[in-house]
Amino acid sequence: MAVTTRYSAGTARGGRDAGAPQRHLDIVLLVSVLCLTAIGLLMIYSSTRSQQAAAGLDPQNFLKRQATFAAIGLVVMVVVMFIDYRAMRDVAPVIWVVIVVALLAVLTPLGSAARGAHAWFQVGPLDFQPSEAAKVGLIIVLAAYLSVHRGRLEGPQVLTALALAAVPMGLIAMQPDMGTNMVFVAMLMGLLLVAGARPRHIGALTAVGLVGVVAVFQLGMLQEYQLDRLTAFLDPAGDPQRSAYNLRQSQIAIAAGGLTGKGVFQGTQTNLSFVPEQHTDFIFTAVGEELGFLGAATLLALFGLVMWRTWRAACLAKDDFGTLLCVGVLAVLLFQIFENIGMTMGITPIAGIPLPFVSYGGSSLLAMFAAIGLVLNVHMRRFT
Amino acid sequence: MSSTRDSSRLRLGILGVVVLSLFATLLARLWYLQVLVAPDFQVEAQANSVRLVYTEAPRGRILDRNGDVLVENRIVPTVVVDRVAVARDPDLLPRLGAYLGKDPAELQRRVDDLRFSQYRPAPVADDVRKEQVVYLREHQAEFPGVDVVQLTQRHYPHGELAAHVLGYVGAINDRELEPRRNQGYRPGDSIGKSGVELAYEQALRGQPEVEKLQVDSRDRVLRSLGKQPSVPGHDVVLTIDIDVQALAEESLRQGLETARQTWDPDQLKRFLAPAGSVVVQDPRDGAILAMASYPTYDPTTFANGISTSHFQFLQDPANHYPLNNRALQGLYAPASTFKLVTAIAALSNQAIAANTTIIDNGSIAVGDPPTVFRNAFGTAHGRVDMARAISLSSDVYFYELGAKLDNPRKPYPIQETARSFGMGRITDVELPFEAEGRVPDPESKQKLHEANPEAFPYGEWFTGDNINLSIGQGDLVVTPLQLINAYSAFANGGTVWVPRVGGAVRDVVHGTSRAIEGRQHSKAAMENGHRDAVMAGLRRVVSDEEGTASAAFAGFPLSRFSLAGKTGTAEVAGKQDTALYVGFGPIEDPRYAVAVVMEESGFGSSAAAPVARRIFDGLVGNPPGPVARVAGRD
């Protein structure tokens, strides 16, 4: 009842609430995401082609693989979009179990290890990272649980929500994958905030989180190189040959782009691979160098559009579950964007978190498309 | 319900604010990096990916005063090897070494040598034969990454001639590099190490070719971004006359060889005659026409990196330091050649008149208790005036002057005169490593004693010190260059020049030339009348039957080309005598001054004067015969 009162403007437009949900597709969000993906493809090509060619490989190798994943991602998005999100609430427990099982399995010999983390399933020529899928899955699980208890969120409910998140996070910590867990924490905080957790709960959680961070540092639970990476941004001039190297090179690349950039394929830092992991976590440096401030700001604007439309979808959602689904996606996107771009510019710690839609990586791309699928889903069913 | 909705609105609002503030943060940082500080970072990005490769410019040539080339550059076919190819094919260097007849380990050392740019193929074998070049070109498949390029090398058409004046070049070392970093020198550059090569380094060097290469993060060269061509160095024209230089070197060598055949009745062995020096100067402007130092070395051995064993040979004391330029680094007691100074000092201070005579009994006693000072062999010369005292080199006459001029007045007259003639201080010649010498006085003696009481046990100045000084002995030491410069000053009427070997610097690119003018250092303290009196003595040294150099100059056309000169024989503790001769001519308008110093060679009149004679023969157009030793006493 209150809903119709508040969003009477929608109904007043007459006929908009009628008909198939797909008629209410959020075109702005969809186009923004497609633009981001296209920029990502271009930048991945730019930052990999010369190294590939130098190694005697197909320069379009990475481009083709990412394009394939983008195509699959679009299909996934459409599929997610057309399953009524309300149906997802009922299968939330199943989703949770599937997440946990998958995360357990990846730790067994079924999963494969790369770069020191046991985080992938190897399926033919493709890698699949269950923790990326777990991001979307846990949004659904937590949104389902919290929407049931919305407005009556007391200590026990908050603790239950924490427990639901803690199990997969524990498994992810064993891979280990610090970065993804940081995303989970952000997601949890966003959901608890909007779901109505009391300020003292949020305060307590923040305190526990800080204590945890301090404990991790103090108890020596991190390898020295991890510590170096995390703290390099505090002292970028520190040790240019080691951890600060990435940061230094990355800032040089971005700054060298200047206002208008050096032009696509013209970035020396990008083409000459001075920035490590440039097609994955450090893709923003290629954007910064080749497209300049105008290009990078455009990219931020596109992300801003995605944020705005997701936030708007959360506000417009017909029910609390829909709102919380959108908030979960918003929190994940926001954290990943801020952490990733901030890291390349030296204002956040270096953590292995991909830039949504832009970084090379199939699992991440599929998960992000699925997440946007959820938002579009909620958005187009706001009247039904 | 509406309260939770309101709360929900508030909470979504908070979330929105968080989103906005984080995006604002990112945008601000982006603006800071890409707009505010971008220029600084762009320089760094450039430095990241662009490497500059320097190739030295052809060094300027060195020519003698008549344009005869003394040092030039020779094109040398050089085998170069790409480092990547060496890394890929471990058998490449052994194969190449086998073909060129070189040790593969030596080739590897050249590849690893940091003096060569890492962005260019490394030169591993210089001066390869033409048929080897052809073979390597034809068998490219067998030697991947091997190429032959043309490099330049210092070349000396006259061989060892004038080696000490010319100097040599070598790879710059850290000590030389540090002060020159901002002049564009880099590790591996060649630089003048001595002589004119060092003195005129700036003019000779030119500006290197600079090529910009783009590299990737692993320093692999991707492409050239263009180059700035080199500017060749300037040519330097010397005052040296290569014919006079050859005459001086050959005469000195002959003189020393002759001395080595001669019996030393004092030490009962042949003269060692290991080393010596000759300088020929134009007294009219201080220009050096020849500067010889023996033993010498072949600068070609430095042109392409000298071998360690040969460098050790050149540094071994047993070989008498061939790299030292004795003309300006050798320190010798001038002995009787110094009597010119004592005579001028005595006349200027009215200690004696030119025509005053004294009786030379062969010795004098000075002080209480008396110390006896003797002539060589105790010979009594009888009644001598100044001219005769000079011509037959009466020590007793000058002892008297030394004793008379030893008074506590400051400065001491002999010392003051010696210094006004340029002795005991560097002459300021452009050539490096010049020694200062020493004119002793009470002050310097005290200092020597304080600094080294063992070698100099007395700090006090005795009259005996002044007496020793009066005949050019004691603590007095000068370089052959100081000696010739003093005699040139006497010859030209008192102008002490800064001796020089540089005549002009020619910019070969613009075709311009800058002459290097003679520079007057100071004026010698000498009156014309006094000069005439001393000159009479110096003339008689050569021309008078009694003169100590008359035997050496017998038959010289003195009527056509009058000569003045002075012999000297320096006693050196523990060694055989140093032979000296300094002379100039023609007396009326001196054009040539010649100084000869020969270590452990006996009397100046016997050993050094004949060398000077041969040089003067050559200078006046007489066919120079072999250096013949003559009998003599001083």
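What percentage of the 634 residues of chain B count as buried? In this predicted model, the share is 53%.

**Chain B overall**

Chain B contains 23 helices and 25 strands. Its accessible surface amounts to about 27,500 Å², and carbon and sulfur atoms account for 51% of that area. Among contacts in chain B between residues at least 6 apart in sequence, 70% join residues at least 24 apart.

**Salt bridges**

Side chains of opposite charge can pair when their charged atoms come close.

| Salt bridge | N to O distance |
|---|---|
| Lys64(A) and Asp58(A) | 2.8 Å |
| Asp127(B) and Arg74(B) | 3.2 Å |
| Glu197(B) and Arg154(B) | 2.9 Å |

In the chain A pair, Lys64(A) is partly exposed at 44% relative accessible area, and Asp58(A) is partly exposed at 32%.

Asp127(B) and Arg74(B) form a salt bridge. Asp127(B) sits in the loop between strand 4 (122-125) and helix 6 (130-138) of chain B, while Arg74(B) belongs to strand 3 (residues 69-81), so this pair ties together parts that are 53 residues apart in sequence. Asp127(B) is partly exposed, with a relative accessible area of 41%, as is Arg74(B) at 29%.

Glu197(B) and Arg154(B) also meet in a salt bridge. That pair links distant parts of the chain, with Glu197(B) in helix 9 (residues 195-199) and Arg154(B) in strand 5 (residues 146-155), 43 residues apart. Glu197(B) has a relative accessible area of 0% and is therefore buried; Arg154(B) is buried as well, at 6%. Both residues take part in a network of salt bridges that links Arg59(B), Arg154(B), Glu197(B) and Glu201(B).

**Backbone features**

Most residues other than glycine have a negative phi, and most peptide bonds are trans. Several sites in the model depart from these patterns.

The peptide bond from Gln175(A) to Pro176(A) is cis, with omega near -5°. Pro176(A) lies in the loop that runs between helix 7 (155-174) and helix 8 (178-195) of chain A. In chain B, Gly585(B) and Pro586(B) are joined by a cis peptide bond with omega of about -10°; Pro586(B) is located in the loop between strand 24 (578-585) and strand 25 (592-598).

His320(B) occupies the loop between helix 13 (308-315) and helix 14 (326-329) of chain B, and its relative accessibility of 31% makes it partly exposed. Gln350(B) is found in the loop between helix 15 (339-348) and strand 15 (358-360) of chain B, where it counts as exposed at 65% relative accessibility.

Note on methods. Residues numbered from 1 in each chain as written. Chains lettered and ligands numbered in written order. Predicted model: local features only at pLDDT ≥ 70, side-chain atom pairs only at ≥ 80, totals over all residues. Heavy atoms only, no water. Helix = DSSP H or I, 4+ residues; strand = E, 2+ residues; numbered from the N terminus. Buried < 20%, exposed > 50% of the residue type's maximum accessible area, 1.4 Å probe, protein only. Contact = heavy atoms within 4.5 Å. Areas by Shrake-Rupley, 256 points an atom, 1.4 Å probe, with all protein chains shown as cover. Salt bridge = Lys/Arg side-chain N within 4 Å of Asp/Glu carboxyl O.
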